Amino acid sequence: MIDVLSGFATIWVVIGIGAFLGHLGILGDQAATILSRLSFFVGLPPLMSRALSHADLGRIFNLNVVVSVLAIIVAAGLYLLVGVLRWHAGLSHRVIGVFCSCYVNANNMGLPIAAYVMKDTSWVAPILLIQSALLQPIGLTLLDVVHSHSRGVHSSWLHNVTIPVRNPMTIGVLAGLVANLIGWQPPALVGNTLDLLAGIAVPCMLIAFGISLLKGPLPGRVDTAETVFLSVIKTLVQPVVALALARLFGLDLVATLAVVVMAGLPTAQNVFVFASRYDTNVRLARDVIFITTFASIPVITALTAAVHMLA
C-alpha cells in the first residue's frame with residue numbers, strides 16, 4: 001500500500017510545485033498554456049511511442065480488453081445521455097466531458113498501482129492502447145474539426161479524415177505499435193533522444209495543472225453538478241461496471257483485479273492538456289482531475305478488497 005500512496009504523493013508534490021511557481025509568478029501569465037502545449041506537441045508523442053513499443057501485446061488482444069472497452073462505453077454513454085438532457089453544451093464541451101468520465105491516468109499513476117496490486121506493470125498496456133489508439137484519435141479529431149470551424153476554416157473531407165494521422169500524439173501511438181509488432185528497436189541515439197523528450201511530458205502537465213489551480217474559483221465552485229456527476233462516474237461507476245462485467249465474462253482473479261483497478265484510476269492529466277490545447281472546458285477538466293485523484297485512493301483500496309472477497 002505504501003507504493004500506491006507513494007505514487008499519489010509524488011504526483012501531488014509536483015502539482016504543488018506548479019501551484020507554488022504560479023503563486024510566485026516566476027513563469028509568467030501564460031506558463032500553464034505554454035507548458036501544456038510543450039507536453040502535447042513535444043513530450044507526449046515520444047512518451048506514447050516508447051510505452052507502446054515495449055508493451056506486452058498479449059495483454060491487449062484478450063478478453064479483458066472487451067471488459068475495459070465496455071466499461072468505458074457505459075461511463076461515456078451515461079455522461080452523454082444525462083449531458084444531453086441536463087446540460088445543453090456544444091460538441092467540444094461534450095468531448096472533454098467524455099474524456100473526464102472515462103480517460104484514466106494510466107501512465108504516472110497506473111504504473112505504480114499496477115506494480116503494487118497486480119505485481120505486473122504490463123496490465124497497463126491494454127488500457128493505454130484503448131485510450132491512445134481509440135479514444136484519443138476520435139476525441140482529438142472532433143476537437144480539431146470544431147476548433148477549425150470556430151476560426152472560420154472550412155476544411156475538406158480529406159482534411160477531416162486524415163486528422164488522426166496528422167495529430168502528433170496519434171503519430172506517436174502508431175509508431176510505437178508498429179515498432180512493437182515488427183520487433184524494431186531504434187538506434188541508441190534515437191532511443192535516448194525519445195526517452196529524454198518523453199521525460200518532460202508528465203512534469204510539464206503536472207506543473208501546468210498546479211498553476212491552473214490558482215486561476216479561477218476552487219474546484220467544484222463552478223459547474224458543480226456536472227463536476228460531481230463526472231467525478232462519480234469516473235470514480236465509482238466505471239470500476240463497478242468493470243467488476244460486474246468481469247464476473248459476467250468469467251475472468252480469473254488476476255484479470256478481474258486488473259480491469260477493475262485500471263478502471264478505478266482517476267481522470268488523466270492528459271485531459272487537462274487536451275482541454276488547454278483546444279481552449280475548451282479547461283476548468284471542468286481541472287476540477288474533475290483534482291477530485292478524482294483524491295477520491296480514487298480509498299476507492300481503489302476498497303475495490304481491491306472486494307475483488308479478493310468475491311474470488
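Visitor: What kind of model is it, and what pLDDT do local features need?
Guide: It is a predicted model in which local features need pLDDT of at least 70, side-chain atom pairs count only at pLDDT 80 or more, and totals for chains, interfaces and linings use all residues. Residues are numbered from 1 along each chain as its sequence is written, and side-chain values use heavy atoms, with hydrogens and water left out.

Visitor: How many helices and strands in the protein chain?
Guide: The protein chain has 16 helices and 0 strands. Helices (H or I, at least four residues) and strands (E, at least two) are DSSP runs, numbered from the N terminus.

Visitor: What percentage of the residues count as buried?
Guide: Of 311 residues, 51% count as buried. Buried is under 20% relative accessible area, exposed is over 50%, and partly exposed is in between (1.4 Å probe, protein chains only).

Visitor: Which residues make the nonpolar surface patch?
Guide: Leu63, Val66, Leu70, Ile73, Leu248 and Phe249 make a patch of about 510 Å². Patch residues have over 30% relative accessible area and no salt bridge; like charges are joined within 9 Å, nonpolar side chains (Val, Leu, Ile, Met, Phe, Trp, Tyr) within 5 Å. A salt bridge is a side-chain nitrogen of Lys or Arg within 4 Å of a carboxyl oxygen of Asp or Glu.

Visitor: Which helices supply at least two residues each?
Guide: H4 (63-86) and H13 (224-249) do. The largest share, 4 residues, comes from H4.

Visitor: New topic. Where is Gly264, and what does it touch?
Guide: Gly264 is in helix H14 (residues 253-264). Not counting residues up to four places away in sequence, Gly264 touches Lys234, Pro239, Ser296 and Ile300. Contact means heavy atoms within 4.5 Å.

Visitor: Why does Gly264 count as buried?
Guide: Because its relative accessible area is 0%.

Visitor: What about Arg50, buried or exposed?
Guide: Arg50, in helix H2 (residues 31-53), counts as buried because its relative accessibility is 15%. Leaving aside neighbours within four places in sequence, Arg50 is in contact with Pro186, Gly191, Leu194 and Asp195.

Notes. Areas by Shrake-Rupley, 256 points an atom, 1.4 Å probe, with all protein chains shown as cover.
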